[in-house]
Amino acid sequence: MELRTRTATAALDLRRARNLVIGVAALALVAKTILAAAKRGPADVRFFDAFATAIAQVGPVRIYEHPMPGLPVYNHPPLAGWMLSAFHELERLGIPFGSLIRAPACIADFVSVILVFEILRRRRPLGTATVCALTCALSPVLFATSAYHGNTDSAAIMLVVLAAHLLTDRRAPLAAGVAAALAVSIKLVPVVAVPALLVAAVRTGRPVAVRFCAGLTAVLLPLWGPVLATVPGSLREKVLEYEGGRARLWGLVRLADGAGASDSFIAGLHGDFHFLFVLLCTAAGAWLAWVRPTSPAYAVALSLTLLLLLSTGSAVQYLAWPVVGLCLLGAWEGIGYGVLVGTVTVVVYSSASAVRWNDWALHLGEAGWLLLAAATVTGVRRALADPPGPAPGEHLPFVAQRTGKPTAPADRPHR
């Protein structure tokens with residue numbers, strides 16, 4: 001009788017916590033939508049509008065070889081082209097393009113908050129899961145990059161975290177493969193996390209790995225196939241080999257520049273070392289997925305946080321990459337990064353140009369980079385120290401969620 005009462009109470013606590021998270025995430029979505037409608041945004045909004053106009057003329061495949069003088073390199077994967085094509089049609093109906101281009105990121109943030117809660121409540125105490133989800137919902141970095149800047153980074157991050165959740169917690173490897181393919185097709189950034197998902201799928205068992213790969217292939221082929229067959233050179237040059245901006249605003253490049261490194265050394269960071277750093281991020285995520293195959297979200301988080309930590313490109317919207325991952329790794333990590341780096345975004349967007357950071361923003365960015373390094377280390381240590389997550393289809397006992405002492409099954413591949 002006592003156990004039944006405790007279980008019922010814990011179920012009620014879970015329902016209340018979930019409702020709180022969804023409510024705050026919904027309020028954040030409304031606030032972001034209002035901000036997106038009220039603000040013109042940086043130059044990227046106008047660039048995307050111009051890209052959409054060009055796509056309406058030549059299509060989302062030929063756009064990679066289409067000359068667009070006066071515009072940045074069109075470095076977006078194929079799904080982004082189809083999205084911009086749809087936005088162009090909606091704009092003709094009278095919907096402002098500035099609201100359209102920022103809507104996917106704002107909606108993605110809402111979903112990411114729920115994902116943080118659902119992933120962590122299976123692995124950590126309910127209170128911790130709730131705080132981490134609320135931290136994600138209220139992150140100043142996401143308010144600035146999703147609701148003001150206008151890009152596809154948050155949507156790509158949400159999709160790859162969704163893939164991790166579907167793979168293990170929902171026992172839906174086919175859908176996980178689809179989500180992973182959509183992630184890298186809207187923005188190439190999550191490509192560093194896909195090998196971690198594949199490792200987790202393989203560790204789970206051959207049937208799961210086969211279904212995951214089937215979902216991945218079923219989406220990649222129709223999206224990437226026509227472009228690879230039509231304009232392979234342009235796709236490789238503008239998307240697959242894109243190294244990010246050459247500005248010296250963030251991370252290793254900023255530190256090297258401040259230390260007086262030569263231009264040739266910094267050029268090497270942008271060039272040869274760029275791919276080495278990407279491989280390192282990929283390998284680190286795959287390793288964590290190997291040792292924690294029932295918690296691939298932690299591996300995804302590690303890949304994405306390392307990607308910004310080691311990034312040789314500098315752009316303010318890149319600062320959104322690790323937000324969801326840090327909230328998965330720990331509340332203090334998410335709060336610290338959100339406050340400090342969120343201040344950077346506010347300072348940058350308050351200036352005349354998002355690509356010219358003043359000294360205040362640069363110094364805050366240096367502190368944010370050091371904090372990100374520390375948060376990555378402490379977050380991964382916590383992920384390794386946590387009891388292994390439940391196998392797919394299993395949940396932490398309600399009593400364990402209330403006490404904060406989960407009794408999850410051993411970290412083992414399941415079939």
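Student: What makes up the chain over residues 174-202, in terms of helix and strand?

Tutor: Over residues 174-202 the chain is 76% helix and 0% strand, where helices (H or I, at least four residues) and strands (E, at least two) are DSSP runs, numbered from the N terminus. The end C-alpha atoms of residues 174-202 are 13 Å apart. The model is predicted: local features need pLDDT of at least 70, side-chain atom pairs count only at pLDDT 80 or more, and totals for chains, interfaces and linings use all residues. Residues are numbered from 1 along each chain as its sequence is written, and side-chain values use heavy atoms, without hydrogens and water.

Student: How do you know what UniProt places at residues 323-348, and what is the chain there?

Tutor: An unreviewed UniProt entry gives the feature "transmembrane region" for several stretches, including 174-202 and 323-348; such annotations may be inferred rather than shown by experiment, and feature names are shortened and positions given in the numbering used here. In the model, residues 323-348 are 96% helix and 0% strand, with end C-alpha atoms 18 Å apart.

Student: Why is the pair of Phe 87 and Phe 97 called edge-to-face?

Tutor: The structure holds six aromatic pairs. Rings of Phe, Tyr and Trp (its six-membered ring) pair if their centres lie within 6.5 Å; planes under 30 degrees apart count as stacked, over 60 as edge-to-face and the rest as tilted. For Phe 87 and Phe 97 the centres are 6.4 Å apart and the planes stand at 80 degrees, so the pair is edge-to-face. Phe 87 lies in helix α3 (residues 78-92) and Phe 97 in helix α4 (residues 97-120), so the pair ties together parts that are 10 residues apart in sequence.

Student: What makes the charged end of Arg 203 sit over the ring of Trp 290?

Tutor: A charge sits over a ring if NZ of Lys or CZ of Arg is within 6 Å of the ring centre and within 35 degrees of the ring normal. The charged end of Arg 203 sits over the ring of Trp 290, 4.5 Å from its centre. Lys 32 likewise lies over the face of Phe 143, at 5.0 Å from the ring centre.
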